[in-house]
Amino acid sequence: MLYNTHFHITTWVIGIILFLVVLSLIKKSNQKAAKITHMVLRLFYVLILVSGALLYFNNYINAGGSLFAEAIIKSVSGVWLIAAMEMILVKVKKSKSTFAGWLQFVIMIILVISLGFGRLQLGILP
Ligand code: HEM
């Protein structure tokens with residue numbers, strides 16, 4: 001089950017939903033709920049990383065050519081997307097500008113979705 005994409009897709013969908021929930025909790029000044037949800041989100045970061053790394057090592061470790069390039073860029077963009085989400089949340093908490101974080105978020109989500117669903121081959125069905 002860990003070796004197909006279902007676990008990975010489940011973790012990143014829940015991760016992105018939790019990210020939006022933490023964002024709205026911080027904006028509503030519900031700091032305690034935001035803190036707890038943020039901790040759960042950080043746990044999901046780990047699950048996304050582990051499930052993505054498992055997909056990489058089980059399917060692309062010996063890949064060559066353009067497949068190698070696409071799998072590497074997909075994986076690095078996935079890690080970067082997590083970093084962008086964390087950056088946005090920390091900046092919102094400190095009432096600092098989130099523009100740089102959102103710019104990275106948008107670029108990385110485009111890369112991750114287009115490479116994940118558009119180019120790489122595993123697909124949703126086992
Ligand atoms: C929030 C972060 C992430 C998002 C939104 C995301 C999104 C996706 C999507 C949409 C797919 C395609 C699923 C499919 O084809 O059925 C995928 C697959 C994959 N992801 Fe991620 N991912 C994230 C993080 C990561 C990380 C951190 C890594 C590596 C450490 C990673 C490595 C992979 C690999 C190797 C695949 C398999 C590609 C394939 O053949 O379809 N991902 N991811």
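How do the residues of the shell around the ligand divide into nonpolar, polar and charged? In this predicted model, the shell comprises 15 nonpolar residues, eight polar ones and one that is charged. The ligand takes up the space of the largest pocket, and helices H1, H2, H3 and H4 are the elements that give two or more residues to the shell around the ligand.

**The pocket**
- The largest pocket holds about 640 Å³ of space.
- Its lining consists of 29 residues, and those nearest the centre of the pocket are His8, Trp12, Gly52, Leu55 and Lys74.
- At least two lining residues come from each of helix H1 (5–27), helix H2 (31–59), helix H3 (65–93) and helix H4 (99–119).
- Helix H3 gives the most to this lining, with eight residues.
- By residue class, the lining of the largest pocket has 21 nonpolar, seven polar and one charged.

**The shell around the ligand**
- There are 24 residues around the ligand, of which His8, Tyr60, Lys74, Leu122 and Gly123 come nearest.
- Helix H2 supplies the largest share of this shell, with six residues.

**Polar side-chain atoms and the ligand**
- In the side chain of Tyr60, an N or O atom is 2.2 Å from an oxygen atom of the ligand.
- For Lys74, a polar side-chain atom lies 2.7 Å from a nitrogen atom of the ligand.
- In the side chain of Thr5, an N or O atom is 3.3 Å from an oxygen atom of the ligand.

Definitions and conventions:
Residues numbered from 1 in each chain as written. Predicted model: local features only at pLDDT ≥ 70, side-chain atom pairs only at ≥ 80, totals over all residues. Heavy atoms only, no water. 1 Å grid on protein atoms, 1.4 Å probe; cavity = no way out; pocket = protein on both sides within 12 Å on 5 of 7 lines; lining within 4 Å. Points joined across faces, edges and corners; volume = space filled by probe spheres on them. Helix = DSSP H or I, 4+ residues; strand = E, 2+ residues; numbered from the N terminus. Nonpolar A, V, L, I, M, F, W, Y, C, P; charged D, E, K, R; others polar. Near = heavy atom within 4 Å. Polar contact = N/O pair within 3.5 Å; in protein donor to acceptor, adjacent residues only side chain to side chain. Sits in = over half its atoms within 2 Å of the grid points.
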